[in-house]
Amino acid sequence: MKKIALFPGSFDPFTNGHLDTVERGAKLFDELIIGVFINTSKASWFTSEERTELVRQAVAHLDNVRVISQESELTVTSAQRLGAKFLLRGIRSVKDYEYEKDIMTMNSHLAPDIETVILLANPEYSHISSSLLKEVLLFGGDVAKYLPPVINEAFLRKRASHEKLQ
Ligand code: ADP
């Protein structure tokens, strides 16, 4: 049976830390589906359609990876609909561990047949989060090292158009 995994997240923006997890996950599964959450409580610079399209471009080099906009439903429901028996997540720190442990335990209560696979972050990216990068970008900092080029460029364009409006 084909091993399919779902990697859910807000990816706002999708960073090189996420990309590293995706590249390693793609070697573990036959197919990896990235689910970009439509609804996020965090303020977003891009619509969910734009975010999904940017992630698609950032992973275009990976043959067994595809990207979907995640419906407003439980992650395990999406996984079941997609035929995914695995959820992929990443942890950077002890703080992430506690958070991911609770999500994993709840998901296994909701869907005992779905296994969560957690990868430890690459130390090169374990200090970055989407919100930290957005904050630095907002005030003009250079975070190109931490973003796939297509995403960094999109953010720089968005920032420039905001500056023009002010
Ligand atoms: P969520 O809002 O669901 O936490 P994120 O987009 O912030 O979504 O993160 C998706 C997943 O990627 C989570 O499991 C998170 O712990 C992991 N992650 C976030 N940043 C990194 C990073 N720099 N390196 C590895 N994994 C990361």
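Predicted model: local features only at pLDDT ≥ 70, side-chain atom pairs only at ≥ 80, totals over all residues.
Helix α3 spans residues 75-82. Its buried residues are Thr75, Val76, Ser78, Ala79 and Leu82. Viewed down the axis of α3, these buried residues fall within an arc of 155°, so they line one face of the helix. An α-helix has 3.6 residues a turn, so residues three or four places apart point the same way.

Several elements cover the buried residues of α3. Among the strands, the cover includes β1 (4-9), β2 (31-37), β3 (65-70) and β4 (86-91). Helix α4 (94-110) also contributes to this cover. After α3 comes glycine 83. The phi of this glycine is positive, near 75°.

Rolling a probe the size of a water molecule over the atoms shows where empty space is left. The count comes to one cavity of 30 Å³ or more. The largest cavity has a volume of about 40 Å³. Its lining consists of Phe11, Pro13, Phe14, Arg51, Leu54, Val55, Ile151 and Phe155. Two elements, α2 (48-58) and α6 (149-165), each give two or more residues to this lining. The largest share, three residues, comes from α2.

By residue class, the lining of the largest cavity divides into seven nonpolar residues, no polar residues and one charged residue.

Methods
Residues numbered from 1 in each chain as written. Heavy atoms only, no water. Buried < 20%, exposed > 50% of the residue type's maximum accessible area, 1.4 Å probe, protein only. Helix = DSSP H or I, 4+ residues; strand = E, 2+ residues; numbered from the N terminus. Arc of directions from axis to C-beta. Contact = heavy atoms within 4.5 Å. 1 Å grid on protein atoms, 1.4 Å probe; cavity = no way out; pocket = protein on both sides within 12 Å on 5 of 7 lines; lining within 4 Å. Points joined across faces, edges and corners; volume = space filled by probe spheres on them. Nonpolar A, V, L, I, M, F, W, Y, C, P; charged D, E, K, R; others polar.
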